[in-house]
Amino acid sequence: MQVAVNTTTVGAHPHPTKSSYLRPSPPCRVYFHASPRPNLRAIAMATKSQLQEQLIITRPDDWHLHLREGGVLEAVVPHSARHFGRAIIMPNLKPPVTTTARAVEYREEIMRALPPGSSFVPLMTLYLTDNTSPEEIKLARKSGIIFAVKLYPAGATTNSQDGVTDIFGKCLPVLEEMVRQEMPLLVHGEVTDPHVDTFDREKVFIDKILAPLVQQLPQLKIVMEHITTMDAVNFIESCEEGHVAATVTPQHLLLNRNALFQGGLQPHNYCLPVLKRETHRQVIVSAVTNGSRRYFLGTDSAPHDKRNKECSCGCAGIYSAPLALSLYAKVFEEAGALDKLEAFTSFNGPDFYGLPRNTSKIVLRKNAWKVPATYKHSSGEIVPMFSGSTLEWLPSDQPKG
């Protein structure tokens, strides 16, 4: 663009001649070549687009993970160790991990199955029973490897037949010791009364067990695991921050109960707590993506052999460990909240547990990839969540150079 400026000419002589008045010098026309004005909006949009092509976040932790044992453990632990720094390991084995000594043994099994050079740290838990003693809680704290105690109402989910039958009548001395030892209680929040509708089990658990428990032991740190309803969100929000929190799975953020039946019965979308109505899913997404510190990542990744899912009485559990970060990124991107993803995946969990945040980083890159149809283990195969689907975010340990 050229800008023309008319200026007055100053004569070269101190005393102009007559002719100079008759023939005045023509005005001087000066041209400035200005650079085009930068399109700041376009630059901002391009920068934002570039930033959203690659997210570098603090390495996440998984605060609810099933690893199983034997060949399945060996097959699945590398998937979690690749992307997560630490994980709370569920104790519902056969038999369950009810003592500190057994937790130490199980941790050693996990450590042996890790890939060479892995820095993954399993955070062990105890399985609460009617017979757990306060002394066991003291031993657990002294061990330095046990970070929580898990409450399974008897019969609530996979391998929960040894769970608690009467928390107020049989477990209060243990819970009081947990307060003294600052040991969190992790809760599978469902009642098992057969007269309660499956889709109401979480709400009834909150009303009859969890709310009274918080009132009776307000200093007990509680994590309500894998929440599925707006009732759970409302309860978590009503509690004092720092004492009651919740983990949230990818399936309960992305799927509603229709996913169990679309195109026929879908056993690989069956988990407990069972998927709920779309209205509940939307409330959970909103709660998680608004930046609240009360919620953090817990995949509840639960591997089962394909034959045990696709049978006349298939077991509950969705395997998501290899793709969990891709799915969480999808949720936060669709909510326009990618700037809040890191707190959910990497900060809120360790802050609640009183542990340091990880110092290493991980990269989520916008790079489409296809979820494998299955993952092999020593005696079969596991079908992952979203088997065969294409996802947009790919986790990696290294940023582009």
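Author: Contact here means heavy atoms within 4.5 Å. The model is a predicted one.

Reader: Fine. Apart from neighbours within four places in sequence, which residues is Lys 276 in contact with?

Author: Lys 276 touches Phe 199, Thr 228, Thr 229, Asn 256 and Arg 257, once those neighbours are left aside.

Reader: Is Lys 276 buried or exposed?

Author: Buried: the relative accessible area of Lys 276 is 4%, and the cut-off for buried is under 20%.

Reader: Where in the chain is the place of Lys 276?

Author: Lys 276 lies in the loop that runs between α10 (250–254) and α11 (278–289).

Reader: And how far apart are Lys 276 and Asn 258?

Author: In sequence, 18 residues; in space, 8.5 Å from C-alpha to C-alpha.

Reader: Switching to helices. At what angle do α8 and α9 pack?

Author: About 15°, with the axes of α8 (residues 201–216) and α9 (residues 230–238) 10 Å apart. Angles under 35 degrees count as roughly parallel, so α8 is roughly parallel to α9.

Reader: Is the crossing of α8 and α9 left-handed or right-handed?

Author: The α8 and α9 crossing is right-handed.

Reader: Which residues meet there?

Author: From α8, Glu 202, Lys 203, Ile 206, Leu 210, Ala 211 and Val 214; from α9, Asp 231, Ala 232 and Phe 235. Sorted by class, the α8 contact with α9 holds six nonpolar and three charged residues, and no polar ones.

Reader: What about α5 and α7, at what angle do they pack?

Author: Helix α5 (residues 134–143) packs on helix α7 (residues 172–181) at about 25°, and their axes are 8 Å apart. That angle makes α5 roughly parallel to α7. The crossing of α5 and α7 is right-handed.

Reader: Which residues make that contact?

Author: On α5 they are Pro 134, Ile 137, Lys 138 and Arg 141. On α7 they are Pro 173, Val 174, Glu 177, Met 178 and Gln 181. The contact of α5 with α7 has five nonpolar residues, one polar and three charged.

Reader: Now the whole chain. How many helices and strands?

Author: The chain has 14 helices and 15 strands.

Reader: How much of the chain is buried?

Author: Buried residues are 50% of the 401 in the chain. The chain exposes about 19,300 Å², with 52% of that supplied by carbon and sulfur atoms.

Reader: Last one. Of the contacts between residues at least 6 apart in sequence, what share join residues at least 24 apart?

Author: For the chain, 73% of those contacts do.

Methods: Residues numbered from 1 in each chain as written. Predicted model: local features only at pLDDT ≥ 70, side-chain atom pairs only at ≥ 80, totals over all residues. Heavy atoms only, no water. Axes fitted to C-alpha atoms, helices over the stretch in contact; angles between N-to-C directions. Helix = DSSP H or I, 4+ residues; strand = E, 2+ residues; numbered from the N terminus. Parallel < 35°, antiparallel > 145°, perpendicular 65-115°, else oblique. Left-handed = near helix turned anticlockwise from the far one by under 90°. Nonpolar A, V, L, I, M, F, W, Y, C, P; charged D, E, K, R; others polar. Buried < 20%, exposed > 50% of the residue type's maximum accessible area, 1.4 Å probe, protein only. Areas by Shrake-Rupley, 256 points an atom, 1.4 Å probe, with all protein chains shown as cover.
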